[in-house]
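This briefing goes through a structure topic by topic. Have the sequence and the model at hand while reading.

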Amino acid sequence: MENIFNFEGIEIDQDLLERTNPIFNTARMTLFQLAETGHDDAGNLVEWLNLTRKDTQDSKTVKADEDDLFVNSIVMDVRYSTNGKLAEESGFTVADLPCGFTPRALEFAKNGRKYVGMDLPATINEVEPAIMSLIDEDQKKFVSFEGVDVTNYQSLKAAFDKIDGEVCITTEGLMMYLTDSEMDAMCENIRRILAEHGGYWITLDPEISFLYVLIVKAFYGDRTREIMWRSKFRIDDKSDVKSVENSITISLRGDVQENMRNALDYIVSKGFKLERIPYADHVPEFRSLENVDPKIAAHIKEGFKNVCIWKITVDESVKFDVSDAKMGSFNADASIEDGRLNLVLSGTLDTLSAPKLLANYEKIKEDTAVNSVLIDCSNLEYVSSAGRRVLLIMQNDCEGGVIMKSCNDAVVWDLSSTDILIK
């Protein structure tokens, strides 16, 4: 039977990208927070993008109050400044993954340093023209942008193939949104990239909860739990993706030391060597701490000795068989039978393939009545948050809903938080 889906020629506009990947809204949120600390480049980007406090900070149901914005701006300043300093010290081409709306590209371009911003296409479509408009022609040769998905090796390889020499991969504000299956794929992909290019990976994400507690508690004491919970709810609501506890982000619940050991064991099990670098060893001067109570600022800086950034390199003594590595490919065969859309999905339904699936579905709906969707998942490897969102859009759009059959354990787990019927 002829496949009625067209994955190569289907048009994907910005609105569709944003509907399938609203998580990029948090990138606007953090840019505005950085601008609030007085960061000039961040302020210029905010102005160019015409961002407002209401649009960037308030979620669908929660309005950001002064305490929430104040604390998050300091956390953002600390994260941004320390991450940038470590990346610059590497001397390598920096691959910011994800780059969000960070103004780091502006800083690197002005200093004649090579920088590649990598993020979801929805983000790249907005940040690239903004950055390029704020630097001169000579500086543009140092900066480039690539639309990727960290769990999709094909997209990462295509982006890194354009880079010569060693790389410093930076990951900030990403891991807490990945399921374990997505985390496994990302680690495998980064290890393969580093094995080919050399260099290392630095990430602030595993111990970010420690940093957040340190800063919030220094200012608000007994109100720490209240402020952290409200902030988490607002961010989750804004991104339409709940932050999760996975194998590498260290939870503050239960036995924290055991959670730390499990995270360390996890990264080693993925073929890496790890060095934990205290913030205090590479801490720059933070403009956001200049005007606060000196005792509070001193307490926070002392606490930086106990919170670490992870510097990760490939353990060359560990041999992995990459012959069956997941490449991140995706395909869908579709047919209509008595108002039922029959789909056969294969590969990974991720942030790159999900918009194509939704675009094809909506195009079919323009001409044909679709009452239900039956999906054969025999060859579907896993479903990302963007994939789940598209499936739920289809579920809510059809009277008969979506039924998925022959799912592997990873797909069942990925869909366990939905009301989609799995047979």
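M228 has a relative accessibility of 22% and counts as partly exposed, the class between buried (under 20% relative accessible area) and exposed (over 50%), with a 1.4 Å probe and protein chains only. This is a predicted model, in which local features need pLDDT of at least 70 and side-chain atom pairs count only at pLDDT 80 or more, while totals for chains, interfaces and linings use all residues. Residues are numbered from 1 along each chain as its sequence is written, and side-chain values use heavy atoms, leaving out hydrogens and water.

- M228 lies in helix α11; helices (H or I, at least four residues) and strands (E, at least two) are DSSP runs numbered from the N terminus.
- Leaving aside neighbours within four places in sequence, M228 is in contact (heavy atoms within 4.5 Å) with Y212, V213 and V216.
- The C-alpha atoms of M228 and K217 are 9.8 Å apart, and 11 residues separate the two along the chain.

**Helix α5**
- Helix α5 covers residues 66-90, 25 residues in total.
- From first C-alpha to last, α5 reaches 36 Å, close to the expected 36 Å, where the expected span is 1.5 Å times one less than the number of residues.
- Because 19 of its 25 residues are buried, α5 is largely enclosed by the rest of the structure.
- At the start of α5, a side-chain oxygen of D65 comes to within 3.3 Å of the backbone nitrogen of D67.
- Just after α5, G91 has a positive phi of about 80 degrees.

**Two buried loop residues**
- T151 sits in the loop between β3 (143-147) and α8 (153-160), and is buried at a relative accessible area of 6%.
- The side chains of T151 and Y382 make a polar contact of 2.3 Å; such a contact is a pair of N or O atoms within 3.5 Å, where within protein one must be able to donate a hydrogen and the other to accept it, and residues adjacent in sequence count only if both atoms are side-chain atoms.
- Not counting residues up to four places away in sequence, T151 touches E182, A185, N189, D350 and Y382.
- N246 is in the loop between α11 (224-239) and α12 (256-269), and counts as buried at 10% relative accessibility.
- A polar atom of the N246 side chain lies 2.8 Å from the backbone oxygen of M175, and a polar contact of 2.9 Å joins the side chains of N246 and T249.

**Nonpolar cores**
- The largest nonpolar core has 101 residues, of which F145, I169 and W201 touch the most other members; a core is a set of buried Ala, Val, Leu, Ile, Met, Phe, Trp, Tyr and Cys residues joined through side-chain atoms within 4.5 Å.
- Helix α10 (residues 208-220) gives the largest share of this core, 10 residues.
- Apart from this core lies another, of 34 residues, among them F330, A359, V370 and I375.
- In soluble globular proteins, nonpolar side chains tend to be buried together.

**Cysteines**
- The count of disulfides is 0, a disulfide being a pair of cysteine sulfur atoms within 2.5 Å.
- The closest cysteine sulfur to that of C377 is in C407, at 3.7 Å, which is too far for a bond.
- C377 is buried, with a relative accessible area of 1%, and C407 also counts as buried, at 18% relative accessibility.
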